[in-house]
Amino acid sequence: MMSRFWPMFRKEFIQMRRDRLTFAMMVGIPVMQLLVFGYAIQTDVRNLPTVVLDQSRTPESRDVVQAFQNTGNFRMVAWVDGWPALDRALARGDAQAAIVVPYEYPRELARGRTATLQVIVDASDPLASQSAIAAAGAVAMVRSLTILSRTEGGATPLDTRVRPRYNPGLRSPNYIVPGLVGVILTMTMVIITAMAIVRERERGTLEQLIVTPITKTELMLGKIAPYVGVGLLQMTAVLILGRYVFDVPITGNIVLLYAVSLIFIVASLAFGLFISTLVRTQQQAIQASFGFMLPNILLSGFMFPRQAMPEIAQWLGLFVPLTYFLKVVRGILLKGVGLEALWEEVLILVAFAVVLIVASVRRFRKTLD
Amino acid sequence: MTQAAVETHDLTRRFDGLTAVAKLNLRIERGEVFGLLGPNGSGKTTTIRMLCGLLEPSDGAALVAGIDVAVAPEQIKQRIGYMAQKVGVYEDLTVSENLDFYAGIYGLRRTAKRSRLQEVVTFLDLGDRLQQLAGQLSGGWKQRLALACALIHRPDLLFLDEPTAGVDPAARRRFWQTIHDLASAGTTALVSTHYMDEAERCGRLGMMSRGHLIAVGTPGEVAAQVGGHTLEDAFVILQERDEQ
């Protein structure tokens, strides 16, 4: 009984080993998932980049800023001179929180009245902002208690007013929907094109195309161009649903959003094309696309704030296009900022697109070897 | 001596240490119907693929219409038509969409395209099937469609790799009539096959075994080499001799 089990069993192993890519995915996916989920997912956001607007410039004010720093949730990146600089830092994403210590802070403290601090958080990222809000509340409470224990009685000495900026209601659709634009585009664009050339190879039509005078640039551009339209359509659908079903605001310049999305779509399509020059079958193309999407979704900041990730995960996240696109979509939709704040991200996306197109055109050979 | 349609000098192709084609010397004149006869794995497909610029030769040289395939493969492509063993038509496009696509790829536009499409459709009798999906055609019709696509740019040379595999006898006969019609209009055809009756229909043929030629000549001449047997006998005898 079961004598035919072993031949079957052995054959499966041999085939598994021969299909290098599948084998790599079988080993690679769990390792990647473990590392990413294990390290990258810390919903308690630490080291949130923070700017300080210290209007009083007194030992007391330095003291309270130090208290914020000591929580570990805030990492002071700059001391700014006034509101315009603070607004700029938040808009550009250089900082995700700001602490404002007003002029009268030390005076109010000395008179035993309630001294007020202002904490502004960039709520386009709710996980990060919630941690910041909680931490700010904790700082105020602890300092109040210490002061009270010295002075006995009277008003609450310290109060922090938290202002969630860009997404005052801390609504999660405002955070998820713009991100989804990027995730959906990455997913569909990469898979579609990854399959495109491989499908022609599998069906034998590629061989027929190679003997025609078509150049490889004509072939590849002709293959991806129709999907640019598909991508723009998908994006429009998500934006319309987001606006009318989930009440996600469209604060910034919609034309700019479409222009940058076009670049991102081309980069994604080019990446798919690059995959299709590496693989031999449609199945491998799908596996490779998933292998690419996983780090995009997990490391880009779509699901988890990048500030919460360990340094290595943050560093790896710099190599996925979605990281930059998310900053652009959230920036335009929620913050209403334009190129003046986002030009670096846009340039990086252009670079991704160019490098990927050149790489895939160079890899593609008009022969069968 | 006029320029040959195809000329190879010690043409060789190796795959990872395996020699598929070994020092092949071949000369095909213009307007000839030349058959490549040989068992599976004898190097027919590899030879045709090298002549079409699909594979680079490892050694030796091949001239197609006077152009070196290793030097300028792209220049050859406007001059040749090719039908692979597995026909390269889009099964999810209709007959007319397939023709239109290849006409466009070969640079035909507007009136030139329209009149050429009309010619090809009439020549291969595809008129009644223009709106049918290529995937729903029978083997014989699919093969005619593939031939139509390969002819659309009026190539001087046709490379047909086992074009009649999976095609019924009546359709095969019709197909060969078409090839001869083309040849009498000046087109050179190189056809690979392992059917003896098809080999008999070639003006000249080359028998291949283990990557090289074991006999070249008209079917009569080849049969005479082993003392006037049938072509099939000649083939078996010559191949056995070669393998010893």
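Helices, of at least four residues, and strands, of at least two, are taken as DSSP runs. On this basis, chain A of the predicted model contains 14 helices and five strands. The radius of gyration of chain A is 26 Å, well over the 21 Å that the globule rule gives for 369 residues, so chain A is more spread out than a compact globule. Along the principal axes, the C-alpha atoms of chain A fill a box of roughly 85 × 60 × 35 Å. Of the 369 residues in chain A, 42% are buried. Among contacts in chain A with a separation of 6 or more, 79% involve residues 24 or more positions apart.

In chain B, six strands form an open sheet with mixed pairing, in the order S6-S7-S8-S3-S9-S10. Strand S6 (80–83) and strand S10 (212–217) of chain B are the edge strands, each pairing on one side only. From one strand to the next, the twist averages 15°.

Within this sheet, strand S3 (residues 33–37) and strand S9 (residues 204–209) of chain B run parallel and are joined by four bridges. Leu37(B) has Met207(B), in S9(B), as its bridge partner. Helix H6 (residues 169–184) of chain B packs on the sheet, where it touches S3, S7 and strand S8 (188–193) of chain B. The direction of helix H6 of chain B makes about 150° with that of S8(B). Helix H5 (residues 139–151) of chain B lies across S6 and strand S7 (157–161) of chain B, and runs at about 160° to S6(B).

Note on methods:
Residues are numbered from 1 along each chain as its sequence is written. Chains are lettered from A and ligands numbered from 1 in the order in which they are written. This is a predicted model: local features need pLDDT of at least 70, side-chain atom pairs count only at pLDDT 80 or more; totals for chains, interfaces and linings use all residues. The radius of gyration is taken over C-alpha atoms; the globule rule is 2.2 Å times the number of residues to the power 0.38. A residue is buried if 20 or more other C-beta atoms lie within 10 Å of its own, exposed if 12 or fewer, and partly exposed in between; C-beta atoms are placed from the backbone. Two residues are in contact if their C-beta atoms, placed from the backbone, lie within 7 Å. Two strands pair if DSSP finds at least two bridges between them. Axes are lines fitted to C-alpha atoms, for helices over the stretch in contact, and angles run from 0 to 180 degrees between N-to-C directions.
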